[in-house]
Amino acid sequence: MSPDVTARTETAERVLQAARTAAGGSADVDVTVEHEHVALTRFANSYIHQNVASDTDTVTLRIHVDGRTALNSSTVTDDQGLAALVERTVAAVRLSPADPGWAGLSGPAGLPVPADEPDLATGGAGPEVRAEQVKAYVDAVGEFTAAGFYRNRMIVTAYANSEGQSVHGTVVEATIDGIAKTETSDGASRQASRRMSDLDGAALGARAAAKALASQNPIEIDPGEYEVVLEPTAVSDVLWALADFGFNGKSLIEGTSFVRLGGQQFDPSVTLIDDPLSGPAAGPLFDTEGTPREVLELVRDGVTRAAAHDRRSAREAGAGAVSTGHASAFSAVEGAQPINIRLEPTVNLAPTEVEGPAADSSVQALVTQVRRGLLVTDHWYTRCLDPRRLVMTGLTRNGVWLIENGEITRPVKNLRFTQSYPEALAPGRVLGIGTYAPAFASKYGAFSAMAPALRLAGWNFTGGASG
Amino acid sequence: VRSYPSRRGQYGTRGWELVTELDLASQAARIADEAQALLRAPQCPSGQTTLILGGEQLALQIHESVGHAIELDRILGWEAAYAGTSWLDLAELGTLRYGSELMNIVIDATHPGALGSFGYDDEGTKAGKRDAVRNGIWTGVLAGRESAAVAGLDYGGSVRSMDWSRLPIVRMTNVGLEPGPHTLDEIIAATDDGVFMDMNRSWSIDDKRLNFQFGCEVGYEVKNGKLGRMVKNPTYTGIGPTFWQSMDMLSNEIVAWGTPNCGKGQPGQVGHTGHPAAPARFQNVRVGVRG
C-alpha cells in the first residue's frame, strides 16, 4: 500500500462518520476520496511547448435520507473544508426532490486481484522521463514536423459507505500520442500502458513518419461504400462509441441503444470484453458506488450478452440485473458505460514492423486480402446522428490509402463517413480481425481500448475533400 | 427531439433577467407538439438545394467553421495533434475571400451580456472589438501576446484559461455576424425551393476546419416562398469557404447565442464563447446526408 492510500482511506472514514452523525443514523452515506496526479508534456512544431503537472484531491460525499439524495464534492480537504462539505450536503439533502430511483448502497465485497501491483514509477514519472521519450519521437519523425503529447497519470482512490463497504486502490497509466506532418499529409501513432517501459517513443515516431511519408500528395476519390481495413487507431474510436452509446445500461432501458440482449447482432468473429485487469488502467477496480468492477463479457461470438450498469440502472432494468461496477460521477445522468473495452484479436501475437504505411504486420496481413478498398489510419471528430442504429459521422485522418489487389497503391485525401457502427460489424460484414490488439488511452476521458485491426465488407463514405 | 431555447440552453454574462426573458413556460407546449410531429414527419430530402439556417444553428456554424479556424495557435501549429490546425494561411490575411460580401464577422469581447464578454483577458489585455471577416475578406485572428509576436501581429486579447489550474490559451470571445438587411420572413418569402433547418443536434468538422457536417433538430421544406411540411433528421454538409461564399441573404434578427462547452487544450479546458447570429440563406448546399 502506498502512503497516499492510507491517508485517503482515513479521510474517507472520517467524513463518513461525520456525515452519519450530522444526517442521522438512518441515512445512507458514502464517501469517495480521490487523489489524481496528471503530468503532461506536449510538443508541436517538433519541440516541447508545454509541460504541466497537477495533483488534486477530491472528496465526494453522497447522502440519502428520507427518500432524498444529495451529492457534493470539494477539493478543500483540511478540517474546515471537510466540515463545510458535510454541512452543505446535509442541508442540500433536506431541500432535494424525492429520489424514487435510489437503489441503496453497495454491501461489503472484495475486489478482483490484478496480476501486478501498480508501477508507481510510471504514475509519478517526471518531466525528464517524458522529455526523453518525446525527444525519441521527434528524432524519429526526422525531417517532418512532430506534434503530440506524453501523459502519465496516477489515481489513488478510497471509498467507504455506511453499509460497511470499504475499498481502496491505485491505478497508473502512461501514454504517447503523436503525429508527423508534411505539407500535404499526416501520420499518427499512439500507445498506452500501465508501464512506461512499454512505451517506445522512437518506434512510434518512426511509424508516424512512415505514414506521413506514404500519404503525401493524396488523390481525391469519389465517396461511396468501400471495403475497408480500419487500423487499430481507428477501431478504438468504434469501440468507444459502442461502449458510450450502446453498452450503456441507461440507454438500453430508455430505448436509445442498439443493444438487444441475446441477439446475434455482430459477426460470429466478434467478442467484446470490458476488462479492468488488462490494458491501460482507465479507473480503479471499483466504481463510485464501491461496487467491484469485474470482467464483463459484452459480446461473445457475435451475440450480445450484457450492458454496463450502475446500481440505479440495474434496479430499473430489473430481471435480475445487478450493477456491473460502472457507476461514475456522470452515470446517473449519462448512464454507466464500459471503460476498458477490448475487441478480442483472432490470436494474440506480437506483430512485427513492416515497410510502408501499414501500422504493423497484423494490419498488413488484412491488407493483402483486399481486392479493392481503403486502409484507414484514424477517425476524427465522430458524432452520433442516430443512437438507435448508432449512426456516426466523422472523418478519416492521419493517412488513408487505396488498396488494390492486396497492395497499398496510393494515398487518398480524407473522407467523411456516415455509418452505423454495429451494422458495419453485423453478421457477414466482418471479413477479418487482426492478430494483435494494441492498447490506447482516450485523449478525452478516462477510457481505454484494446483494438485489433478490422477488415470490413463496407464502410459508407458520404463526402470527399471537396464536400 | 425538440428543445427550447436550444439543446444547450442559452447563456450570457447576465443575471436572472436572461431566464425570465426566455419565457420558458410559454414555449413548452409548442416544443412538445413539435417533438410529437417529428415522429410522423418524413426524412429530410437528400440533394443539393437552397438552405436557410436559423440563428441558433448558424451560431454553431460560426463557432466551428470560423471561430476555431481563426485561432492563431491553431494556425501556427501549436494544437496540431490534438485540436488540429487551420486551413488558413497567415500569408493570405487581408486578401483571402472567406465568404460573400454579406459576411462580416466581428471578434468582440465587449458585446453587452454575451457569454464571451469580459473586461480583460487572462494576459491582462483590455477587452476590445476587431474585424475577423469584413465584406467576405479574412482580416483578423484570435490571438494572444505570445502567438501574435510569433506571427508578427500587434494585437492579442483573446487568451483565457478555464480556471487557476490551467494554462491560458487562445480562445474565442464573442465571434459573430453583423446583421444583414433582411428578416427571416423575407428570406423564406424569397425562396422558391429549399429547406429551413434550426436548432443544432450534432456537429463534426475536420482538423483543418474545412469539411463540416451538422444535424439539426427540425427542418421544414420551403416551397414557393412559404414554409411547407416538417422533415426530421435534417443534416447538411459542405466546405467552409464554399459554404460562406454561397450566403446570399442574411437577416438582421441578431441573437448572441452562448456556447458553454467549447473544449480545447490539454489538460482539457471548457470555454465559454458567444456567437451573435441571425437566420441566413445559402445556395447549393448538400442536405439529407444519411448512413
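Visitor: Hi! How many salt bridges are there across the interface of chain B and chain A?
Guide: Hello! The rule finds 2 salt bridges across that interface. Keep in mind that this is a predicted model.

Visitor: Okay, and what does A:Arg42 form a salt bridge with?
Guide: The partner of A:Arg42 is B:Glu79, and their closest N and O atoms are 2.9 Å apart.

Visitor: What about polar contacts, how many residue pairs are there between the chains?
Guide: There are 15 residue pairs in polar contact between chain B and chain A, counting pairs with both residues at pLDDT 80 or more.

Visitor: Which strand of chain B gives the most to the side that touches chain A?
Guide: That would be β8(B), with 5 residues. By class, this side of chain B has 13 nonpolar, 11 polar and 8 charged residues.

Visitor: And how many residues are in contact overall?
Guide: On chain B there are 32, in contact with 37 residues of chain A. Together the two chains bury about 2,800 Å², with 49% of it on carbon and sulfur atoms.

Visitor: Which three residues of chain B supply more of its buried area than any other three?
Guide: Those are B:Ala81, B:Tyr82 and B:Gln266, which supply 22% of the area that chain B buries against chain A.

Visitor: New topic! Which residues have the most contacts inside the largest nonpolar core?
Guide: B:Tyr98, B:Tyr236 and B:Trp244 do, in a core of 57 residues. Helix α3 of chain B, residues 55–67, provides the largest share of this core, 5 residues.

Visitor: What lies apart from it?
Guide: Another core, of 48 residues, including A:Val259, A:Val376, A:Leu425 and A:Ile433.

Notes
Residues are numbered from 1 along each chain as its sequence is written. Chains are lettered from A and ligands numbered from 1 in the order in which they are written. This is a predicted model: local features need pLDDT of at least 70, side-chain atom pairs count only at pLDDT 80 or more; totals for chains, interfaces and linings use all residues. Side-chain values use heavy atoms; hydrogens and water are left out. A nonpolar core is a set of buried Ala, Val, Leu, Ile, Met, Phe, Trp, Tyr and Cys residues joined through side-chain atoms within 4.5 Å. Buried means under 20% relative accessible area, exposed over 50%, partly exposed in between (1.4 Å probe, protein chains only). Helices (H or I, at least four residues) and strands (E, at least two) are DSSP runs, numbered from the N terminus. Contact means heavy atoms within 4.5 Å. Buried area is the accessible area (1.4 Å probe) that two parts lose on being put together, summed over both. A salt bridge is a side-chain nitrogen of Lys or Arg within 4 Å of a carboxyl oxygen of Asp or Glu. A polar contact is a pair of N or O atoms within 3.5 Å; within protein, one must be able to donate a hydrogen and the other to accept it, and residues adjacent in sequence count only if both atoms are side-chain atoms. Ala, Val, Leu, Ile, Met, Phe, Trp, Tyr, Cys and Pro count as nonpolar, Asp, Glu, Lys and Arg as charged, and the others, Gly among them, as polar.
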